Amino acid sequence: MKFFIKNYGCQMNLYDSTRMTDALLAAGYEESPKKDDANILIFNTCSIREKADEKLFSDLGRAKSLKFKAKDRGENFAIIVCGCVAQSKTTEITDRAPYVDAVIGPQEIHKIVSAVKTALSKSDEDESIFMSDMASKEKFASFQSEQITKRSCSEFLTIQEGCDNFCTYCVVPYTRGREFSRDVADIIEETKKLVSLGVKEITLLGQNVNSYRGEGPDGKNWSLSKLLYAIAEVEGLARLRYVTSNPKDVAKDIAEAHRDIKILASFLHLPVQSGSDKILKKMNRKYSVNQYLDCVDMLRKYRPDMAFSSDFIVGFPGETDEDFEKTLELAEKVKYAQAYSFKYSPRNKTAAAKMDNQVPEKIKEERLEILQNLLNDQQNKFNEETIGKTVSVLFTKNGKFKNQLVGRSEYSQAVSICDKAIHIGDMVNVKITELKSHSLLGSIEEEK
Ligand code: SAH
Ligand code: SF4
Ligand code: F3S
């Protein structure tokens with residue numbers, strides 16, 4: 001029986017989807033590259049903005065017709081919704097799409113094999129299956145590293161999940177639950193397994209990765225920086241990243257780790273959201289613009305080539321033209337290498353959705369365009385400045401042309417080369433010669 005997983009949303013969902021894939025493969029199911037050839041459709045969903053939710057419901061409409069056709073042929077068929085929408089809109093999913101067989105929250109995905117079995121054998125008249133406990137500890141305890149199969153030379157590894165910050169716009173604390181950190185030994189074991197499969201780069205994941213407090217082999221709670229030093233010792237690992245950092249939790253020990261650990265990339269995703277202290281306060285971000293700028297300066301002091309990316313929200317309730325100007329000013333000061341920006345989207349249960357002075361859609365659109373133009377210019381400038389320089393690139397996939405390979409620099413820039421001597425999984429020094437749209441082109445200088 002073949003399964004197909006459609007993934008939406010953040011890297012944490014991607015990680016969960018790979019764990020579900022591993023568990024299903026180990027149980028004898030086959031992975032299908034195409035939705036149309038599968039009898040088990042799994043949607044691993046995201047609820048961060050309204051658009052993400054709606055995408056699920058339009059995809060479910062198409063899944064319904066595949067299910068009915070299969071049933072007409074006398075075949076078993078299961079539709080399963082996992083992830084953050086499964087947690088935030090559990091019964092709404094089956095009210096709107098009663099043909100969904102199972103709804104599984106993000107902390108219950110380790111039960112995917114038994115859910116698939118039950119879903120395949122149940123009839124349409126039987127109740128749908130609901131799983132929505134916040135069982136993070138059980139979830140991670142049930143992952144078996146011997147089940148892990150390699151997919152790429154760059155993989156994610158979740159070390160912390162859930163969030164206690166309750167930023168007033170954000171649905172994540174309601175979908176992923178309270179913060180949970182995995183034990184150090186567990187993380188090191190998974191790192192070693194990935195490296196033994198040929199993985200060169202690992203990105204550690206957490207909604208709030210800097211508040212990592214997992215139990216170490218010494219019985220004490222370890223910080224993220226302590227964990228980074230330990231992971232960097234794993235032989236064969238060529239590059240290490242971590243995401244997402246909340247600026248309020250980035251302290252000197254992290255800057256020191258960036259100074260000391262050679263394989264730690266000189267790149268940090270440090271979402272600021274807004275450049276106005278008034279808006280940051282209403283967002284409950286717990287840092288000021290000056291504190292954010294100090295944090296950027298500190299990191300650059302300890303690692304002078306440190307590059308930054310960020311997330312921005314425009315049109316948060318009460319955001320005036322002056323507040324928005326301050327966001328532009330902040331971006332001008334930091335000079336981002338990359339950035340993502342979004343229109344504020346009111347989410348169920350969150351405090352901001354009930355705030356006065358919601359910003360009209362048209363103004364959000366105008367502000368988004370202005371900000372995105374500025375951030376695009378900054379990205380282009382950052383990339384242009386790389387021309388003539390040498391960067392270290394991990395090549396992860398084939399490009400569109402013959403002998404072309406595509407990879408990422410330590411600053412997370414897309415770089416491509418045409419060189420027969422280079423293979424997927426190689427990390428090499430590349431001299432950058434040209435910038436084409438958002439991608440850099442280069443040639444090999446010397447092997448690392
Ligand atoms: N834990 C991360 C963010 C996870 S969500 C952090 O604290 O930075 C990823 C991004 O989605 C956020 O940084 C934010 O910019 C955006 N986002 C979250 N909720 C949103 C909402 N309601 N409307 C618009 N963008 C939102
Ligand atoms: Fe959401 Fe804030 Fe937690 Fe990030 S830190 S996941 S934005 S509540
Ligand atoms: Fe989306 Fe859930 Fe990730 S809401 S961004 S999939 S934590």
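## Ligand shells and a buried serine

Biologist: How far does an oxygen atom of ligand 1 lie from an N or O atom in the side chain of Arg285?

Modeller: This is a predicted model, in which local features need pLDDT of at least 70, side-chain atom pairs count only at pLDDT 80 or more, and totals for chains, interfaces and linings use all residues; side-chain values use heavy atoms, leaving out hydrogens and water. Residues are numbered from 1 along each chain as its sequence is written, while chains are lettered from A and ligands numbered from 1 in the order in which they are written. For Arg49, a side-chain N or O atom is 3.2 Å from an oxygen atom of ligand 1. For Arg285, the corresponding distance is 3.3 Å.

Biologist: What share of its accessible area does ligand 1 lose to protein cover?

Modeller: Accessible areas come from the Shrake-Rupley method with a 1.4 Å probe; for residues, only the protein chains shown count as cover. On its own, ligand 1 has 550 Å² of accessible area. The part that the protein covers is 88%.

Biologist: How many charged residues does the shell around ligand 1 have?

Modeller: Ala, Val, Leu, Ile, Met, Phe, Trp, Tyr, Cys and Pro count as nonpolar, Asp, Glu, Lys and Arg as charged, and the others, Gly among them, as polar. The shell has six nonpolar and four polar residues. Its charged residues number five.

Biologist: From which domains does the shell around ligand 3 draw at least three residues each?

Modeller: A residue counts as near a ligand if one of its heavy atoms lies within 4 Å of it. Ligand 3 is surrounded by residues including Cys10, Cys46, Arg176 and Gln207. With bounds from an automatic or database domain assignment, the domains are domain 1 (2-134) and domain 2 (138-384).

Biologist: Is Ser266 buried or exposed?

Modeller: Ser266 is found in the loop between helix H10 (252-260) and strand E12 (267-269). Buried means under 20% relative accessible area, exposed over 50%, and partly exposed in between (1.4 Å probe, protein chains only). Because its relative accessibility is 2%, Ser266 counts as buried.

Biologist: With which side chain does the side chain of Ser266 make a polar contact?

Modeller: A polar contact is a pair of N or O atoms within 3.5 Å; within protein, one must be able to donate a hydrogen and the other to accept it, and residues adjacent in sequence count only if both atoms are side-chain atoms. At 3.1 Å, the partner is the side chain of Asp305.

Conventions
Helix = DSSP H or I, 4+ residues; strand = E, 2+ residues; numbered from the N terminus.
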